[in-house]
Amino acid sequence: APLITALVLCFVDYLTDWELSFFVFYAIPILLGVWWVGRKAGYWLAFICGILWWAANYDSHPYETVPGYLWAAMSRVIFFCLVCHAATAVLTRQQADAARIQVLEERRQLEQDLVMLSEHQQQRIGQDLHDGLCQHLAAISMAASALAQDLQEQGSEAAQDARLIQQSIGE
């Protein structure tokens with residue numbers, strides 16, 4: 001498609017007089033070539049567009065000498081190469097930005113996964129504490145209560161200490 005576009009431009013440029021120059025529009029197939037095919041295709045199209053411009057304007061150019069016309073053609077090829085270079089830079093920048101965005105999205109997803117995993121771990125630890133440690137503490141509290149009651153029935157002064165142990169475990 002870019003080469004066909006360049007050929008159509010060449011034909012239109014050939015049909016018009018030198019005063020209606022179409023050389024700027026030759027950048028379109030170069031841009032398309034870089035965008036769709038790549039940098040090398042863009043440079044090839046820049047060279048081909050320079051030749052097509054030279055051929056399209058050969059019969060109607062205002063230059064008095066062949067070297068003057070060749071110099072004009074060479075300056076067009078340099079312009080087309082600069083267009084190719086600029087398009088390549090823009091495309092490379094766009095690809096780099098897309099890669100950065102993808103990395104940021106992956107990083108955000110990893111952060112969300114880490115938060116979710118942390119919450120799950122906290123829930124699991126809480127459940128383990130509730131199911132394990134709390135049951136043991138309740139059993140120890142009951143044993144301390146029974147001990148306090150037995151010591152109180154025996155008239156021991158240690159009954160008060162057993163009640164303090166039971167209260168501490170309950171808290």
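With which residue does Arg-93 form a salt bridge, and how far apart are the closest N and O atoms? The partner is Asp-97, and the closest N and O atoms are 3.4 Å apart; a salt bridge here is a side-chain nitrogen of Lys or Arg within 4 Å of a carboxyl oxygen of Asp or Glu. The structure is a predicted model, in which local features need pLDDT of at least 70 and side-chain atom pairs count only at pLDDT 80 or more, whereas totals for chains, interfaces and linings use all residues. Residues are numbered from 1 along each chain as its sequence is written, and side-chain values use heavy atoms, with hydrogens and water left out.

The protein chain has 5 helices and 0 strands, where helices (H or I, at least four residues) and strands (E, at least two) are DSSP runs numbered from the N terminus. Along the sequence the pattern is α-α-α-α-α. The radius of gyration of the protein chain is 42 Å, well over the 16 Å that the globule rule gives for 171 residues, so the chain is more spread out than a compact globule. This radius is taken over C-alpha atoms, and the globule rule is 2.2 Å times the number of residues to the power 0.38. Along the principal axes, the C-alpha atoms of the protein chain fill a box of roughly 130 × 25 × 25 Å. Ile-51 and Glu-153 are 102 residues apart in sequence, and their C-alpha atoms are 116 Å apart in space. Of the 171 residues in the protein chain, 25% are buried (buried means under 20% relative accessible area, exposed over 50%, partly exposed in between, with a 1.4 Å probe and protein chains only). Ile-51, found in helix H3 (residues 39-56), is partly exposed at a relative accessible area of 41%.

Side chains of opposite charge can pair when their charged atoms come close. The whole structure holds 3 salt bridges. Arg-93 and Asp-97 are 4 residues apart in helix H4 (residues 66-153), and are therefore separated by about one helical turn. Asp-97 also forms a salt bridge with Arg-100, with the closest N and O atoms 2.7 Å apart; these two residues lie 3 residues apart in helix H4, about one turn of the helix. Arg-107 is exposed at 54% relative accessible area, and Glu-111 is partly exposed at 43%.

Among the aromatic residues, Trp-53, Trp-54, Tyr-58, Tyr-63 and Tyr-69 form one cluster. The count of aromatic pairs comes to 9; rings of Phe, Tyr and Trp (its six-membered ring) pair if their centres lie within 6.5 Å, and planes under 30 degrees apart count as stacked, over 60 as edge-to-face and the rest as tilted. The charged end of Arg-76 sits over the ring of Phe-23, 4.4 Å from its centre (NZ of Lys or CZ of Arg within 6 Å of the ring centre and within 35 degrees of the ring normal).
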